[in-house]
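Hi,

Here is the structure I promised to pass on to you. Have a look at it first, and then read on for my notes on what turned up.

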Amino acid sequence: MKENEGNHRKSYMSYIELILHISVWSFILIFPQITAIHVLGEHDFRRTLLLLGDPLALAIVFYANYLWLVPRYVTHENHAHEKGNMRRFIGYNMIVMGLAMVLYQLWAMYVPCLIHVEGRFLFDRFPRIYARSSRSLLMLVRDSITLCFALMMAFLLRLSRNYWQTQQARLKAEKRMLLVQLSPHFLLNTLNNIYALIQINPEQAQDTVHRLSRMLSYVLYETQQELTTLDRGARFLEQYVTLMKLRMPLNVSVSFIHDHGDMGQARIAPMLVQPLVENAFKHGVTAEEPCFVNIRSKARNGTFTVRIENSNHPKQNTDRHGHGIGLSTTRHRLRNLYPGRHTLSAKPSADGKTFITELIINDLCK
């Protein structure tokens with residue numbers, strides 16, 4: 001099953017946003033009705049129109065900012081830094097809030113006159129909001145603060161939404177950059193392997209080219225997806241390790257064991273473990289003494305673990321060939337893809353003879 005997880009996350013967040021809007025505005029609309037029943041001791045559906053004045057004014061200010069003013073003058077990348085944008089933003093908000101308050105007044109004064117109940121107008125029960133001059137300033141301040149609160153909520157929600165979209169775009173761009181970086185690095189090392197193998201055993205080199213074509217197929221197609229399965233990743237690593245073993249001297253012992261149990265179809269980011277294995281071969285092999293590279297991959301109860309042990313033969317400081325690319329890019333991808341759900345340790349053993357790399361990813365079935 002190949003699916004675009006990024007689009008699913010985007011759709012999920014859109015649904016959450018829609019549900020949040022509906023829930024909040026439903027509460028704002030229903031709460032005054034409940035309050036009116038409690039105070040007046042009765043309910044008339046026609047009275048509902050009267051109580052829509054407050055939510056209507058709030059909605060005007062909120063959505064004028066959420067859909068227009070904040071995106072246009074605050075967060076839009078082409079206009080956010082234009083001179084005078086903040087003055088325009090404040091000026092337009094003063095106009096919008098003024099219009100909302102005028103609408104609120106007109107609603108409170110004239111809508112009751114349109115509703116006739118029990119031989120008299122509801123206007124008698126709902127006097128004009130600012131009818132008494134002694135209270136008019138206080139209520140004007142109250143309404144202004146309420147509308148400013150709606151503005152603030154629109155501002156913060158829009159900034160949060162924009163931040164989330166920016167983060168998703170940045171992560172997607174970084175993923176593409178990292179995969180572009182990984183693929184040529186992997187290809188360069190693989191071609192060097194084939195070159196060495198042609199000199200040692202031409203017949204096996206032919207089979208290796210076929211292996212390489214399957215490996216490149218994985219790199220070209222699987223890495224275009226957000227996720228692959230543990231079993232497909234293990235098959236790719238098995239071919240990679242087999243190819244590496246062919247060019248290793250006789251003093252090098254290599255083993256690769258994977259046991260994923262019923263988690264073989266659990267999904268993981270492609271090309272996540274390969275740089276760690278490549279690092280083990282790079283730093284764990286020398287022609288002067290016996291060496292080893294042991295790779296163990298295990299998955300149980302939603303937790304995926306890879307442990308790589310290799311003889312510790314660090315490169316000299318003067319040798320900068322491919323220095324640090326594999327481990328640094330893997331750390332970067334893990335921070336983006338599995339924040340708070342992974343641990344990656346890479347350090348020598350206590351005696352310094354073995355270098356141990358261990359990657360653990362939790363909740364992989366999510």
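How many helices and how many strands does the secondary structure of the protein chain come to? The count is nine helices and nine strands. Please keep in mind as you read that this is a predicted model.

**The chain as a whole**

The protein chain has 366 residues, and buried residues make up 38% of them. If you take the contacts between residues at least 6 apart in sequence, 73% join residues at least 24 apart. A search for disulfides across the whole structure came back with zero.

**Helices H3 and H4**

Helix H3 covers residues 53-75 and helix H4 covers residues 85-110; their axes lie 9 Å apart, at an angle of about 165°. Angles over 145 degrees count as roughly antiparallel, and H3 and H4 are therefore roughly antiparallel to each other. Their crossing is right-handed. Sorted by class, the contact of H3 with H4 holds 18 nonpolar, four polar and two charged residues.

Let me take H6 and H7 to begin with. Helix H6 (residues 202-221) and helix H7 (residues 230-246) have axes that come within 10 Å and cross at roughly 150°. That angle makes H6 and H7 roughly antiparallel to each other, and H6 passes H7 in a left-handed crossing. An α-helix has 3.6 residues a turn, so residues three or four places apart point the same way.

Now H7 and H8. Their axes come within 11 Å and cross at roughly 15°, and H7 and H8 are therefore roughly parallel to each other. H7 passes H8 in a right-handed crossing. The classes in the contact of H7 with H8 are seven nonpolar, one polar and one charged.

Is helix H8 largely enclosed by the rest of the structure or largely open? Nine of the eleven residues of H8 (residues 274-284) are buried, so this helix is largely enclosed. The buried residues in H8 are Gln274, Pro275, Leu276, Val277, Glu278, Asn279, Ala280, Phe281 and Gly284.

**Threonine 208**

Threonine 208 belongs to helix H6 and counts as buried, with 1% relative accessibility. Which residues is threonine 208 in contact with, leaving aside its neighbours within four places in sequence? They are Ile194, Leu197, Leu243 and Leu246.

**Cysteines and methionine 94**

Cysteine 148 is partly exposed at 39% relative accessibility, whereas cysteine 291 is buried, with a relative accessible area of 4%. Methionine 94 sits in helix H4 and is exposed, with a relative accessible area of 58%. How far apart are methionine 94 and cysteine 148 in sequence and in space? The two are 54 residues apart in sequence and 9.8 Å apart in space, C-alpha to C-alpha.

**Two positive phi values**

Asparagine 301 is not a glycine, yet has a positive phi of about 50°. Asparagine 301 lies in the loop between strand S6 (291-300) and strand S7 (303-311), and at 78% relative accessibility this residue counts as exposed. Aspartate 363 also has a positive phi, near 55°. Aspartate 363 is in the segment after strand S9 (354-361) and is partly exposed, with a relative accessible area of 38%.

Happy to talk any of this through with you.

Best wishes

Technical notes: Residues are numbered from 1 along each chain as its sequence is written. This is a predicted model: local features need pLDDT of at least 70, side-chain atom pairs count only at pLDDT 80 or more; totals for chains, interfaces and linings use all residues. Side-chain values use heavy atoms; hydrogens and water are left out. Axes are lines fitted to C-alpha atoms, for helices over the stretch in contact, and angles run from 0 to 180 degrees between N-to-C directions. Helices (H or I, at least four residues) and strands (E, at least two) are DSSP runs, numbered from the N terminus. Angles under 35 degrees count as roughly parallel, over 145 as roughly antiparallel, 65 to 115 as roughly perpendicular and the rest as oblique. A crossing is left-handed if the near helix is turned anticlockwise from the far one by less than a right angle, and right-handed if clockwise. A disulfide is a pair of cysteine sulfur atoms within 2.5 Å. Buried means under 20% relative accessible area, exposed over 50%, partly exposed in between (1.4 Å probe, protein chains only). Contact means heavy atoms within 4.5 Å. Ala, Val, Leu, Ile, Met, Phe, Trp, Tyr, Cys and Pro count as nonpolar, Asp, Glu, Lys and Arg as charged, and the others, Gly among them, as polar.
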